[in-house]
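The sequence and structure are shown first.

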Amino acid sequence: MTGSDDARRFYAKLMAAHARSADPRIEEVFASVPREAFLGPGPWTVFAGDGRFKTPTADPSYIYQNVLVVLDADKGINNGEPVLHAMWIGKAQPKPGEAVTHVGAGTGYYTALLARLVEPGGSVTAFEIEADLAARAKANLAAYGNVAVVAGDAVASPLPPSDIIYVNAAVVAPPAAWLKALKPGGRLIFPWRPAERVGLAVLVTRMEAGFACQPFMGSWFIPCAGASVAGPGARVPTRERAVRTRSIRLSEDKAPDRTATAVFGDVWFSSRAIRAGAGGKR
């Protein structure tokens, strides 16, 4: 066993601890999927503080830490913070047989982790709008038979019916089509950035009576093309109002009422919780 193998196994234990999940497969997939295979040849450039610098060598041990690895410096695109993704994966709870849609797949590292977690029988559809990153993701994920990479816009394109929609680009509100693509019990996890100073990670669960919503941590991602600018008439929340959100509603089902914490056209956010088992539209 090499030093980088030891580093990867220790990294996997750390990620599983941050995931706060009882699923032992999370540690297994972080240990078995090589991060360096999705980053191009080393040495690698990492973001730290307000700057960036190269790893001393191409030893993968350097990237089995909670570091942001540069994918496209000009566009500010990185491979994502492993601890954040471990926490999100723990929240989303991928299960064997489930269908996942990954929005903003980059070069495919977290797509690969999700693909392993839905085996056997599950699948991942990965959208990446940047053509060069999508091409790299296709090459990197060629050995993953349950992954389809789409070089395109997940806002303008229809999403397949999904048990999980895992979004890695910030939106002012999830498009109504994303909510409708969730299967019963489906989970949507995304970075909510309704205003410049408001950045939250949000877990949405499709229930019988609507969409339960749980903001659970701070989160900052690059903007999602086509869904990052509030339209005319939007009601933009303060951070205090945003964190009080407990459900998301479709305006076609119910007009915004006094519980609204934010309104963005055909989607609005409410401080009213969805009651488990309640039937009908609320």
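The model is predicted, so local features require pLDDT of at least 70 and side-chain atom pairs count only at pLDDT 80 or more, while totals for chains, interfaces and linings use all residues. Residues are numbered from 1 along each chain as its sequence is written, and side-chain values use heavy atoms, with hydrogens and water left out.

Ten strands form an open sheet in the order 7-6-5-8-9-10-11-12-14-13, with mixed pairing. Strand 7 (147-151) and strand 13 (260-264) stand at its edges with a single partner strand each, so one side of each has no neighbour in the sheet. Neighbouring strands are turned by 20 degrees against each other on average, direction ignored. Strands are DSSP runs of E of at least two residues, and helices are runs of H or I of at least four, numbered from the N terminus; two strands pair if DSSP finds at least two bridges between them.

Within this sheet, strand 9 (residues 182-195) pairs with strand 10 (residues 198-207) in the antiparallel sense over seven bridges, and I189 stands opposite L203 in strand 10. Helix 3 (residues 82-92) lies across strand 8 (162-167), strand 9, strand 10 and strand 11 (210-218), and runs at about 155 degrees to strand 11. Such angles run from 0 to 180 degrees between N-to-C directions, with axes fitted to C-alpha atoms, for helices over the stretch in contact (heavy atoms within 4.5 Å).

**Polar contact.** T45 is found in strand 1 (residues 45-48). The side chains of T45 and K54 are joined by a polar contact of 3.5 Å.

**Salt bridges.** The structure holds 11 salt bridges (a side-chain nitrogen of Lys or Arg within 4 Å of a carboxyl oxygen of Asp or Glu).

| Pair | N to O distance |
|---|---|
| E130 and K75 | 2.5 Å |
| E98 and R187 | 2.9 Å |
| D163 and K183 | 3.6 Å |

E98 lies in the loop between helix 3 and strand 5 (99-103) and R187 in strand 9, so this pair ties together parts 89 residues apart in sequence. D163 in strand 8 and K183 in strand 9 are 20 residues apart in sequence; D163 is buried at 12%, whereas K183 is partly exposed at 32%.

Definitions and conventions. A polar contact is a pair of N or O atoms within 3.5 Å; within protein, one must be able to donate a hydrogen and the other to accept it, and residues adjacent in sequence count only if both atoms are side-chain atoms. Buried means under 20% relative accessible area, exposed over 50%, partly exposed in between (1.4 Å probe, protein chains only).
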